[in-house]
Amino acid sequence: MNKIKQVFSKNKSTIFTVIGIISIICIAFGKYLPINMSKETQEDITEAVEKTYEEKTIEQLQNILSKVSGVGKIEIMLTLAEGYSYEYATETRKNVDTLEDISNKDNSRKQEKNTNEEKYVIVEKNGQKTPIITKQINPKIKGVIVVCDGGANPEVVGRVVEATSVALGILSSQISVLPMV
């Protein structure tokens with residue numbers, strides 16, 4: 001580490017050379033392609049994934065609540081507040097241009113120009129250009145309706161509300177438990 005510091009502190013042009021080489025590599029290997037996926041395709045994919053999440057959550061909740069004493073037969077409906085949100089991979093290119101004017105030992109002037117560019121990383125698969133998703137954030141659950149055989153019993157209702165609240169991380173006011181007809 002000390003050798004690196006010595007090289008850079010003795011020879012300022014080395015810093016500019018390294019920055020220049022890194023910039024050339026970024027430009028040479030950076031592929032900045034526009035997203036060419038139709039809006040309908042994006043909406044279809046999002047809807048399919050949301051249904052899968054909703055169905056999976058309902059299935060898990062039905063499975064656990066059906067084991068609660070007094071619940072009996074059960075049906076569940078979820079309301080999602082919003083759809084999925086995504087974080088996409090980005091490629092950042094930073095460039096620092098430094099100009100130092102030294103007219104004599106007493107007078108020197110230094111000027112820096114910082115440039116930052118950020119673009120989505122795009123891959124092509126089967127002729128479709130799509131961004132790389134780094135994180136998928138599940139939709140928030142807005143409310144739950146639980147209809148069960150034991151929905152008329154206040155003790156069962158209390159256990160179902162508590163279990164649902166804990167399982168989904170929502171408030172008890174977002175849960176309605178009703179008796180099955």
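Figure 1. Methionine 77 is found in strand E1, where strands (E, at least two residues) and helices (H or I, at least four) are DSSP runs numbered from the N terminus. The model is predicted: local features need pLDDT of at least 70, side-chain atom pairs count only at pLDDT 80 or more, and totals for chains, interfaces and linings use all residues. Residues are numbered from 1 along each chain as its sequence is written, and side-chain values use heavy atoms, with hydrogens and water left out. Methionine 77 counts as partly exposed because its relative accessibility is 45%; buried means under 20% relative accessible area, exposed over 50%, and partly exposed in between (1.4 Å probe, protein chains only). Together with Ile145 and Leu178, Met77 makes a nonpolar surface patch of about 240 Å².

**Figure 2. The largest nonpolar core.** This core has 21 residues, of which Leu65, Ile76, Val144 and Val146 touch the most other members. At least two core residues come from each of helix H3 (39–65), strand E1 (74–80), strand E8 (141–148), H4 and strand E9 (175–179). A nonpolar core is a set of buried Ala, Val, Leu, Ile, Met, Phe, Trp, Tyr and Cys residues joined through side-chain atoms within 4.5 Å. In soluble globular proteins, nonpolar side chains tend to be buried together.

**Figure 3. Surroundings of valine 146.** Residues up to four places away in sequence are not counted here. Valine 146 touches Leu65, Ile74, Glu75, Ile76, Val160, Thr164, Ser176, Val177 and Leu178, contact meaning heavy atoms within 4.5 Å.

**Figure 4. Threonine 57 in helix H3.** Threonine 57 lies in helix H3 and counts as buried because its relative accessibility is 9%. Leaving aside neighbours within four places in sequence, threonine 57 is in contact with Leu78, Ile141 and Leu168.

**Figure 5. Glutamate 155 in helix H4.** Helix H4 (residues 154–168) holds glutamate 155, which counts as exposed because its relative accessibility is 57%. Glycine 70 is 85 residues from glutamate 155 in sequence, with a C-alpha to C-alpha separation of 8.8 Å in space.

Conventions
Patches are made of residues with over 30% relative accessible area and no salt bridge: like charges are joined within 9 Å, nonpolar side chains (Val, Leu, Ile, Met, Phe, Trp, Tyr) within 5 Å. Accessible areas come from the Shrake-Rupley method with a 1.4 Å probe; for residues, only the protein chains shown count as cover. A salt bridge is a side-chain nitrogen of Lys or Arg within 4 Å of a carboxyl oxygen of Asp or Glu.
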